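Hi,

Here is the structure I promised to send over. Please have a look when you get a moment; my notes on what I found follow below.

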Amino acid sequence: MKEFQTIAFIGLGNMGLPMATNLVKAGYTVYGVDTNSEAEKKFSQDGGKIGVPTELLAKQVDIVMTSLPTPQIVEKVYLGDGGIVENADSALTIIDFSTISPQLNEKIYAISKEKGIDYLGAPVSGSVSGAVNGTLTIMVGGDKKVYEQALPLLRVLGDNPFHLGESVGVGTVIKLLNNLMIGFYTQAVAEAVALGEQMGVKADMIYDVLSVSFGQSRIYERNYKGHIAQNDFNPGFSTNLLLKDLKLAKQMADENQTPLPIGDKLIDLYSEAVEKGYGEQDMASVYLMVKELIASKNDGLVSNKN
């Protein structure tokens with residue numbers, strides 16, 4: 001059975017940096033790679049190793065892990081010229097924690113398998129706090145034996161690793177369903193809180209009551225307590241990323257002849273939020289867009305009266 005001691009972690013963003021750091025704290029040798037030099041510097045300060053080109057890392061480590069923002073970047077890192085698969089030998093295992101598409105999971109797996117490289121698709125849920133605290137939910141698809149070999153590492157990163165099946169894309173299917181529901185809940189929280197305030201009810205009072213009612217949800221707690229109540233929309237999970245995942249869910253639905261009546265409208269709403277400048281802010285900032293719409297409506301009513 002393989003034992004992993006040396007790790008390359010590519011993608012030291014909001015999620016990847018704390019994940020890679022937790023592996024360092026657990027005693028593994030971890031090489032970090034990111035296009036952001038400040039992220040690499042922070043990782044180095046936390047005990048990680050940096051400065052080794054990606055094409056060389058593939059031959060120096062036991063396992064490569066990636067946490068990257070878009071499917072295009074994931075494909076380039078693994079399958080592009082000078083990428084991981086091209087430079088690796090058959091002893092390597094790779095695990096992708098990014099949210100991509102099931103089809104891309106399958107493509108990376110098929111090309112990796114030709115070289116004897118093991119691959120797991122393993123998207124995660126739990127936000128930045130889960131990455132920091134090592135409490136992520138990890139949705140793994142792929143060979144059960146490879147999953148069991150990687151399980152000690154996965155347990156460093158999350159309390160809830162799931163092996164969901166031999167298909168490398170099955171975890172991504174569930175992750176996209178998860179984020180589709182997050183899109184519903186986030187918009188619902190924005191509209192409900194803004195409407196309640198418009199009716200003269202304090203937002204804290206709404207939260208106190210609904211948090212012990214059937215309107216409660218983890219997204220309501222996250223978005224309200226962490227962002228709306230604090231008037232702090234620094235991104236834990238940006239509107240841009242949520243829109244990307246909703247479009248992937250839509251693509252998955254279209255390919256399987258499954259209509260998404262509300263999902264289609266959500267894509268329009270979050271696209272509008274991005275166009276209005278909320279893309280780089282946390283997804284909870286759609287609340288601000290709803291408030292903006294209310295203010296615009298009220299201004300129009302005042303103008304008409306005058």
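**Helix H10 and its neighbours**

Let me start with helix H10, which covers residues 203–210 and has Ala-203, Ile-206 and Tyr-207 as its buried residues. Looking down the H10 axis, you will see these buried residues fall within an arc of 95°, so they line one face of the helix. On the face turned away from that buried side, H10 carries the exposed residues Met-205 and Asp-208. Before going further, please keep in mind that this is a predicted model.

What do the buried residues of H10 pack against? They pack against two helices, H9 (170–198) and H11 (218–228). For the pairing with H11, the packing angle is about 155° and the axes are 11 Å apart. An angle over 145 degrees counts as roughly antiparallel, and H10 and H11 are therefore roughly antiparallel to each other. The crossing in which H10 passes H11 is left-handed. If you want to display the contact, select Ala-203, Asp-204, Ile-206, Tyr-207 and Leu-210 on the H10 side, and Tyr-220, Glu-221, Tyr-224 and Lys-225 on the H11 side.

**Helices H12 and H13**

The next pair to look at is helix H12 (residues 239–255) with helix H13 (residues 261–278), whose axes come within 10 Å and cross at roughly 155°. That angle makes H12 roughly antiparallel to H13. The H12 and H13 crossing is left-handed. From H12, the contact draws on Thr-239, Asn-240, Leu-242, Leu-243, Leu-246, Lys-247 and Lys-250. H13 contributes Asp-264, Leu-266, Ile-267, Tyr-270, Ser-271, Ala-273, Val-274 and Tyr-278.

The loop between H12 and H13 holds Gln-257. Its relative accessible area of 66% means that Gln-257 is exposed. Do check the backbone here, too: Gln-257 has a positive phi of about 50° although it is not a glycine.

**Another positive phi**

Most residues other than glycine have a negative phi, so a second case may interest you. Ser-127, again a residue other than glycine, has a positive phi near 65°. This serine sits in helix H7 (residues 127–133). Ser-127 is partly exposed, with 27% relative accessible area.

Ser-101 is in the loop that runs between strand S4 (93–96) and helix H6 (102–114). Is Ser-101 buried or exposed? With 9% relative accessibility, Ser-101 counts as buried. Setting aside neighbours within four places in sequence, Ser-101 is in contact with Thr-172, Leu-248 and Gln-251.

Val-64 belongs to strand S3 (residues 63–66). A relative accessible area of 1% makes Val-64 buried. Which residues does Val-64 touch, not counting those up to four places away in sequence? They are Ala-8, Ile-10, Tyr-78, Ile-84, Leu-92, Thr-93, Ile-94 and Ile-95. One of these, Leu-92, is 28 residues from Val-64 along the chain, and the two C-alpha atoms are separated by 7.6 Å.

Ser-44 is in helix H2 (residues 37–45). At 33% relative accessibility, Ser-44 counts as partly exposed.

**What the record lists**

For residues 6–165, UniProt lists "domain: 6-phosphogluconate dehydrogenase NADP-binding". In the model, that span is 44% helix and 20% strand, and its end C-alpha atoms lie 26 Å apart.

For residues 169–287, the UniProt listing is "domain: 3-hydroxyisobutyrate dehydrogenase-like NAD-binding". This span is 71% helix and 0% strand, with its end C-alpha atoms 33 Å apart.

Happy to talk any of this through once you have had a look.

Best wishes

Notes: Residues are numbered from 1 along each chain as its sequence is written. This is a predicted model: local features need pLDDT of at least 70, side-chain atom pairs count only at pLDDT 80 or more; totals for chains, interfaces and linings use all residues. Side-chain values use heavy atoms; hydrogens and water are left out. UniProt positions are given in the numbering used here, feature names are shortened, and annotations may be inferred rather than shown by experiment. Helices (H or I, at least four residues) and strands (E, at least two) are DSSP runs, numbered from the N terminus. Buried means under 20% relative accessible area, exposed over 50%, partly exposed in between (1.4 Å probe, protein chains only). Contact means heavy atoms within 4.5 Å. The arc is that of the directions from the helix axis to the C-beta atoms. Axes are lines fitted to C-alpha atoms, for helices over the stretch in contact, and angles run from 0 to 180 degrees between N-to-C directions. Angles under 35 degrees count as roughly parallel, over 145 as roughly antiparallel, 65 to 115 as roughly perpendicular and the rest as oblique. A crossing is left-handed if the near helix is turned anticlockwise from the far one by less than a right angle, and right-handed if clockwise.
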